[in-house]
Amino acid sequence: MLEQSLLIPEVPPAVIDHQGDGSAARRRERAPQLEGESTHYGGALDGAVIDSRDADRLMLQRQFDQSGSAPAGESLAVAGDVGRVEPGLSAAKDIMNRIKHCTHWKEVRALVSEHSGCLNALHISAALVTVAQVERRGRSAGVARGEKGAAAAAPATVAEAAELGAFADRLLAMSGRLMGSMQTRQAANMLWAVASLSSSSSSSSAEASSTPIKAWRPPDAWVRAAFGVWRHEHAEPPQLAMMAWALAKLGAAPGEEWVDGFLSAAQRQMHQMRPSDLARLAWGLAEMGVAPAAAWTDALADAVSAQVEAMRRYTVVAQQRKQQRWLARAQQLRQRRQEQELERRRRSATAGGDAAGAEADTAAAALLRQQQQRKQGKEAQRAQEADAEAADLPERRDGGGAVAAAEVCRRPPRFSPQDVQMLLHSLAQWAGSAGPRAAPPRALRALLTAARAGMRSFDAQALSSVAWSLATLGHRPDYGWCAQYLERVRQLAPAMSPQGLSNTLWALAALGVRPSPPCMQVLSASAAARAGGMAPQALSNLLWALAVLEYAPSGADAAALLARAEAALPRMTPQALVNWLWASARLALAPREGWLAPVAREIEARADELSSQGLVNSVWALARLGRGAGDPMLLLLLRRCEALLSAQLAALDRATAAGGGGTAAVAEAAAGPAAAGPTAAAEQQRRGAEAFRAAAREAGGLATEEVCALLDTLSLLHKQQQEAPSGPAGGGLDAAAEGGGERRAHSIAGGGDAAAAALAQQLLPKLLQVAEAALPACSPQDLSVMLRALGALGHRPSRRFMHAWLARSQAAFPVALPIDLSQMLHALAGLGFRPPPGWLAGFQVATYRRFPRYNAQDLAMTLWACGKLRLRPDPLWVQAALREASRLTPELLTRHMASIVWALARLRQRPPEAWVDALCEAAYRKLPSFAPGELSRMLWGLATLNCHVDKEWLSEAMSQVEGQLRADEDYLSDDVWCPDEVARAVWALNRLKAEPDHAFMAACLRHCFTRARRLSPTGICRLMWSIGNVQGWAPPRGWVARALAATHARIGGFRGLQLALLATSLARLEHRPPDAWLDTFAAAARARLDKSNSRVITNMLWALATLGYRPDDAFLAACHARALARPDKLSPPQLLQLTWALGVFGWRPPAGAADALFERGKGVLDTPRASLQRMRWAERAAETQAKAAAADVGAAAAVRAGARRLQ
């Protein structure tokens, strides 16, 4: 539980009534109006209590009546107080006025000493209240304004604090003798004063708080005596609130019977309470550990809502009056201008001798004044009606019960920041003590409305307390409220206490509210400046919050926070240690070299105290910080995790044997709705989730999020082993990891440590079993993390596991967030698992509804996964995705743009031209930020979609590519572009008709051909095809020969289409490879014939004929049979290519096949255009052979020249 330091403001009570009516019944009847007219003690802390003379006289007279006093001017002794003289009414009133006007507690002490023999219960009560008020007022003023004179009223030394305590004891002794004559009001006043003094005497000054003198507290006997004076039925709303607050501050624990009576009295009068009364009442009950029933909290919610509604009504009336005043002033100004214009015209007419015109203007002015008077009368009547409506607020019916609206007084009800924080704090405490019962939503809405109205007056303490309460309640306000709150936090963060900063950041992280970078910078800097005063738990919570909010402090701020963490290391709890370690790993924070060793030793020493979550977080953090599986500390924690998994599996087996679910429920749920129906499947998943949670509680095992975190940790260790250089014992472990669980566990362990390997072999199978059993209880986020971790481990989930995963994820669609949906599909794409149509339909419905809430990252991930899996989403879904991409265009990063265009190309969904233009315009501004892979993917997507792209855009893209390729010519630096990305970009630019110049092509080919062995088959084909399509330019034959030499040994892995593209590109380049290369090519093509279509075969035969290479007859017969297997699929150009190539080879098909072929070619093969095309092909073939012969001659000449030089 997060520590909470809530500084509750103290409030002065009303000492006596403020009316001159002597009837107690009449006073109780007019209680709402009286309270409204009195000083509002819930506001400023330093407000003094002002009592009228009539109230003094009446209260004194009532005191004399109850004690058997004589008429005014006479003195009688109070029974039981021997030697005590009772003053007359005028003298008693004078003493009361002098007590009230004291400005220091020593003045009160002097008055009490002077008149000690004639003081009554009312005087003693007033003296206690005045002492508490002046002491607290002076201390608060000194703290708030920093004025030494204001703080002088409060005790400043240990001796003075002791004197104050002695004087308070004296007043309590005097009041104890008069307790029998006191009433409920005096008891509440004195308890408030005593509680205020007891809470402040120990902290009145820094000197006093640092001394070993015991804090002053009232005697228990006196508290019991004052407690006995209290009567629920005689208490008014202010006294109820004061009583609850005072008892809470004094640490009293009333009995259940008294509490029930108090709650009943408070519930009856709750509708008459002011906001401050409601706040003190709720806070006092919560601090005493009293959890009211639901009906009582509902009544509190109704009262709070009524006060907020009254506040809103007053605000509306005030705005209306302001608008009316503005309209009236505007009307008066307009009338004055009209009168001035008429007067000017009248004078002009009179001066010109136009008497009739002057009379007309005078009559018009009189009529105008009459109209204005009538209009002002109507406006005054409307204002009176509005005042009457505000003065007679109707009763508001809520939930079928009538709830009286807030009382009407001259000043509207106002929720101070202290009121809001106290009410929210109380609701948070009640929600925590009541278990699953939540706070009334209407109360939270009303309090948030009041907080928004007064946000400008919130201080630093109120801000942190409100955030902590909302996080504890799990209630996240709307965007507007959060924005206003964060702006106020940014302003007051430097004034927050260390605990307040920790609470605020913790609450924001728990609520998922991410402040803006400027706000986070201010919070981080303020926390770093106050790091020295932070408790270890507060510092741990702050680091945890920064990690959850994904904000890494600046160097100086991080150094201050981590230095404080290192200093507080011995005093940290195990959970605080884990939080620090986890936050440091997530944010990559490291205070100094070797800092991890002492932290790991502390965790190792307290490993027995760690919870399951602490174990998993520690393992994940250590792995993230570079500790391998062979690390002793990591091995210890993994062994503890393995023991927890064993106990959890045993509990699951017992549940399965008892028929309570477990893995059996998962297996049943895996059948899905098709086997048992949606309702039955949901019931099975519910039973499976309950069984898993019960087994986890019984064995103290791992929860679902902890299972997923442990899987993610093992995948991280596996990745570290793959990236590390393999030693003699670790060679070939990556390939072995593709096999069974034993080899995969060996890969995780690193292969060099037998203990780690043995532990991994035991841990991983158990973890996979628990993960399968945890599926029904997984949240949407857990599902995606689990599947992604399994893919990173190289583990192919079983069919039953995937069925269960799909069923659970489909059931979670209604509650999944956009990020959860995108990560689910992304995890499936990482495994290469295509979901069934039913799952895909549900996914599309869920995402379609949430598209307006998607951000750029979620949308790009979703579309990328669809393209990766080559799904076929509904066109309406694609259109909605494109609309959201247009909305998010200003937020799209370069990787998002590339992923979206690449996915649309893979899905074969061509967007509108306007959409492409807008995206390209946004990408043009960010072209310098594109990474090589991102730019090549975007170019490939635009080319595949046959989009029209502006020439200037393409020219700028080529300039960027060429500039980066020049940087790659430095062999001492790593390559920016890999050869396949260059080949993809060149291919796309040719498809987009970018018309690259020779310098660009030379730079691209030089880069690729010098790294030809790193080119994939697809990259080689794209590059050769692009070269062949550039008109008027051909690369040096040496470059092409180098590329062909690099493909010679790998050509057996080419697909049929790639072989056809490669041969066609060589034919267009008129570059004939050596016969050995062509023989290897023909062998590879023969092996791919059964999977090649007619287009691939005809292109391949045409290219071989152009290159002057004749395959054997068996190959040609197989090609002919495959091409004519479906003659109707042969297009006229393909038929022309096939017949020309066979003619060049001198191979004639069988008689029947030849007749069918020529019958199919009628009207195609015998046209002049076909003859012209055959002539062109023959000329190209001749030129190709001539260039090959010349190259052979040149090579032979070079060989002879070299031999002569050697001789």
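We start with the whole chain and then move to single stops.

Before you click, note that this is a predicted model, where local features need pLDDT of at least 70, side-chain atom pairs count only at pLDDT 80 or more, and totals for chains, interfaces and linings use all residues. Residues are numbered from 1 along each chain as its sequence is written, and side-chain values use heavy atoms, with hydrogens and water left out.

**The whole chain**

Switch to cartoon view: the protein chain comes to 56 helices and two strands, taken as DSSP runs numbered from the N terminus (helices are H or I, at least four residues; strands are E, at least two). Of the 1207 residues, 52% are buried. Buried means under 20% relative accessible area, exposed means over 50%, and partly exposed is in between, with a 1.4 Å probe and protein chains only.

Now show the surface. The accessible area is about 54,300 Å², and 53% of that belongs to carbon and sulfur atoms; the method is Shrake-Rupley with a 1.4 Å probe, and for residues only the protein chains shown count as cover. As for contacts (heavy atoms within 4.5 Å), take those between residues at least 6 apart in sequence: 78% of them join residues at least 24 apart.

**The core**

Next, select Leu281, Trp805, Met938, Leu942 and Trp953, the residues with the most contacts inside the largest nonpolar core, which has 347 residues. Helix 28 (residues 632-657) gives this core its largest share, 11 residues. A nonpolar core here is a set of buried Ala, Val, Leu, Ile, Met, Phe, Trp, Tyr and Cys residues joined through side-chain atoms within 4.5 Å.

Which residues does Leu942 touch, leaving out those up to four places away in sequence? They are Val901, Val916, Cys920, Cys947, Val949, Trp953 and Leu992.

**Cysteines**

Cys920 counts as buried because its relative accessibility is 8%. Jump to Cys641 as well: that one is at 0%, so it also counts as buried.

**Helix 14**

Select residues 275-287. Helix 14 has 13 residues and reaches 18 Å from its first C-alpha to its last, close to the 18 Å expected at 1.5 Å a residue; the expected span is 1.5 Å times one less than the number of residues. Helix 14 is mostly covered, with 12 of its 13 residues buried, among them Pro275, Arg280, Leu281 and Trp283. After the helix comes Gly289, with a positive phi near 80 degrees.

- Asn120 is in the loop between helix 5 (105-114) and helix 6 (121-145). Its relative accessibility is 2%, so Asn120 counts as buried. Its side chain reaches the backbone nitrogen of Leu122 at 3.1 Å and that of His123 at 3.0 Å.
- His234 is in the loop between helix 11 (220-229) and helix 12 (237-250). His234 is partly exposed, because its relative accessible area is 49%. Its C-alpha is 6.5 Å from that of Thr184, 50 residues apart along the chain.
- Pro1133 is in helix 54 (residues 1132-1145) and is exposed, at 54% relative accessible area.

Methods:
A polar contact is a pair of N or O atoms within 3.5 Å; within protein, one must be able to donate a hydrogen and the other to accept it, and residues adjacent in sequence count only if both atoms are side-chain atoms.
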